[in-house]
Amino acid sequence: MITRKGRDIGICFLRTCFLKPVSVAGLVEPHTHVSGPTSVSREQHASPSVFRIHSSYTPAGNALNRSTLEAWRRTLPSVEEMHRVLKLQAKKQPLPTEQSVMDWRDCVKISREAYENEMRGGLGVQSLSFKEWLLQRSLVDSHARRHSYLRISLTEKCNLRCLYCMPEEGVDLTPHGHLLNTEEIVKLVELFALAGVNKVRLTGGEPTIRKDLANIVKQISSIEGIKDVGITSNGLVLSRSLEQLKDAGLSLINLSLDTLKPARFEQMTRRKGHERVLGSINKALDLGYNPVKINVVVMKGVNDDEILDFVELTRNKNVNVRFIEYMPFDGNVWSTEKLVSYKEMFKAVNTYAKETSGDGLVRFADGHGEVAKNFRVPGFKGSVSFITSMTSQFCGDCNRVRLMADGNIKVCLFGNNEVSLLDALREGATDEDLLAVVSAAVDRKKAAHAGMDILHTLKNRPMVKIGG
């Protein structure tokens, strides 16, 4: 395994060797700075620390600046891979975009080898069995992050067609027989709980499409070690079953609503139902959910004119409005022109807070693993938050693992490394094997996802097939 130090050395190697002096004259545009020993002049060394491969060697003359190299360092598996990527750009070939799905048996082998090496090296408690060792460290990655939050997609189907989530042409659904059933979901949650998961969120697609949703909630909430069971829903039909779900043990609610305008709702979701979503929000408040979280994906020129209207919702309602930076997924035609940054949103909301209350936004003390930056307007009952995946990553204390409807485990929302727990379950894997698969998958998690200049070029699933 390449260590962080080794990757840093690799960056230096790329700067000093791969971009060697003989290549600089032909590849680098005049008056730019190249890190490392080259034949550039003293005047050039005084210029900004950015180098640019000549446009004839890259698809669009893209700047390979320090942040780009750092993004590669965090997301690529080896120095050799960085060499390969640079060479692909030089040949006008696209960056690597394949999804990587490991065989579960290879994962078991990797975890067992790690265990045996640790035991031989005297690095662990010598009396631990393989299963005991897995229970201690299967949810701890190579960057010492402990994962205690499991998000489970119950279905790939959805009764809305939101622009940022569902490709316009739709998606190919996984056949029913190749999806996790209720028994398999509960068994996997039991194993995750043994290893340290204490919070589960049920997503989709749209989780309320599952007829056995209340049964799933009841069984999961009764598992020892599970403290919270939440749901992320579009709210279209949630109000019908919300009382039953609360009785079953549902403790947390996130509802997606990107506009307060009925006509715009139809444009953004390609379906009717705005009033029903508002009804689900009010029903959740009536049942005592505190707070009811409202997820708002903000897109420039689409709904960014409603930011302050959403903030106003928090004046008298115990809701937490969560403004989410628009993120790239397969089929949602993402571009930087559609992105409204955290900086822009915060400025608008903070100015509104000053005008409304005389004071700016008040910051909450965010807990470990919190993905949002949380605030309140002084005097308002609710709160506002910003989820800043694109412009201000929060990967450093990420505690989330995703289990998708087809049984694949995904350790990063933007990562394309997956392994199938469903295959393992149906091919006779023991509990020990399943924990070993999880351990190997978690160990592959990168220190951080790529920056948005690279992220939108990488292969990923449509959001509807990952789970919100």
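A residue is called buried when its relative accessible area is under 20%, exposed when that area is over 50%, and partly exposed in between, using a 1.4 Å probe and protein chains only. At 19% relative accessibility, Thr174 therefore counts as buried.

Good morning. The model above is a predicted one, in which local features need pLDDT of at least 70 and side-chain atom pairs count only at pLDDT 80 or more, while totals for chains, interfaces and linings use all residues. Residues are numbered from 1 along each chain as its sequence is written, and side-chain values use heavy atoms, with hydrogens and water left out.

Let us stay with Thr174. Where is Thr174 placed? It sits in the loop between strand 4 (149-153) and helix 8 (182-195); helices (H or I, at least four residues) and strands (E, at least two) are DSSP runs, numbered from the N terminus. Its side chain makes a polar contact with the side chain of Glu156, at 2.8 Å. A polar contact is a pair of N or O atoms within 3.5 Å; within protein, one must be able to donate a hydrogen and the other to accept it, and residues adjacent in sequence count only if both atoms are side-chain atoms.

Thr269 counts as buried because its relative accessibility is 4%. A polar atom of the Thr269 side chain lies 2.7 Å from the backbone oxygen of Phe265, and the backbone oxygen of Arg271 lies 3.0 Å from a polar atom of that side chain. Leaving aside neighbours within four places in sequence, Thr269 is in contact (heavy atoms within 4.5 Å) with Leu160, Arg161 and Cys162.

I turn now to helix packing. Axes are lines fitted to C-alpha atoms, for helices over the stretch in contact, and angles run from 0 to 180 degrees between N-to-C directions. Angles under 35 degrees count as roughly parallel, over 145 as roughly antiparallel, 65 to 115 as roughly perpendicular and the rest as oblique.

The axes of helix 9 (residues 213-221) and helix 10 (residues 238-248) come within 8 Å and cross at roughly 20°. Helix 9 is therefore roughly parallel to helix 10.

How do helix 6 (residues 104-120) and helix 7 (residues 130-137) pack, and at what angle? Their axes are 11 Å apart, at an angle of about 100°, which means that helix 6 is roughly perpendicular to helix 7. Ser111, Arg112, Ala114, Tyr115, Glu118 and Met119 of helix 6 make the contact with Phe130, Trp133 and Leu134 of helix 7.
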